[in-house]
Amino acid sequence: IETEPTMSVSNIVNLMKSYTTYHFGKDIQIIYKTISEHTFWTDGYFACSVGNVSEEMLRKYIENQG
């Protein structure tokens, strides 16, 4: 995701969770019937950022992680 530097990571994650939950719509009701809690997303998330590197360099870095 590329965004303005004024937007916080937590705000971006919140927007993504809200957007996807809304667009799953009726499918969520089916999922809720199979789980005990009516929570689609957990409270946590993982985020990291990278500097000015090419997509290929980033891909190689990720592939070489243990």
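**View 1. Confidence and overall layout of the predicted chain.** The chain has a mean pLDDT of 80, and 76% of its residues reach 70 or more; pLDDT is the predictor's confidence in each residue, from 0 to 100. Because this is a predicted model, local features need pLDDT of at least 70 and side-chain atom pairs count only at pLDDT 80 or more, while totals for chains, interfaces and linings use all residues. Residues are numbered from 1 along each chain as its sequence is written, and side-chain values use heavy atoms, with hydrogens and water left out. You will find three helices and zero strands here, running α-α-α from the N terminus on. Helices (H or I, at least four residues) and strands (E, at least two) are DSSP runs, numbered from the N terminus. Among these elements, α3 has the highest mean pLDDT (89), and helix α2 (residues 26-34) the lowest (67). Of the 66 residues in the chain, 8% are buried, where buried means under 20% relative accessible area, exposed over 50%, and partly exposed in between (1.4 Å probe, protein chains only).

View 2. Take a look at the pair formed by Glu55 and Arg59, a salt bridge whose closest N and O atoms are 2.5 Å apart. The term stands for a side-chain nitrogen of Lys or Arg within 4 Å of a carboxyl oxygen of Asp or Glu, and by this rule the count comes to two. Both partners lie in helix α3 (residues 55-63), four residues apart, about one turn of the helix. Glu55 is exposed at 58% relative accessible area, whereas Arg59 is partly exposed at 46%. Side chains of opposite charge can pair when their charged atoms come close.

**View 3. Glu56 and Lys60 in helix α3.** Here is another salt bridge, joining the side chains of Glu56 and Lys60 at 3.3 Å, N to O. About one helical turn separates Glu56 from Lys60, as they are four residues apart in helix α3. Glu56 is exposed, with 53% relative accessibility, and Lys60 is partly exposed, with 46%.

**View 4. Lys17 and its contacts.** Move along to Lys17, which sits in helix α1 (residues 9-24). With a relative accessible area of 18%, Lys17 is buried. Leaving aside residues up to four places away in sequence, Lys17 touches Trp41, Thr42, Asp43 and Gly44; contact means heavy atoms within 4.5 Å.

**View 5. The largest pocket and its lining.** About 630 Å³ of space lies in the largest pocket. Of the 19 residues that line this pocket, Ile1, Val9, Ala47, Cys48 and Ser49 are the closest to its centre. The elements giving two or more residues to the lining are α1 and α3, and α1 supplies the largest share, six residues. A pocket is an open set of points on a 1 Å grid over the protein atoms alone where a 1.4 Å probe fits, with protein on both sides within 12 Å along at least five of seven lines; lining residues have an atom within 4 Å of a point. By residue class, the lining divides into 14 nonpolar, three polar and two charged.

View 6. Ser49 belongs to the loop between α2 and α3 and is exposed, at 69% relative accessible area. Although Ser49 and Ile1 are 48 residues apart along the chain, 9.6 Å separates their C-alpha atoms.

Definitions and conventions: Grid points are joined across faces, edges and corners, and a volume is the space filled by probe spheres set on the points. Ala, Val, Leu, Ile, Met, Phe, Trp, Tyr, Cys and Pro count as nonpolar, Asp, Glu, Lys and Arg as charged, and the others, Gly among them, as polar.
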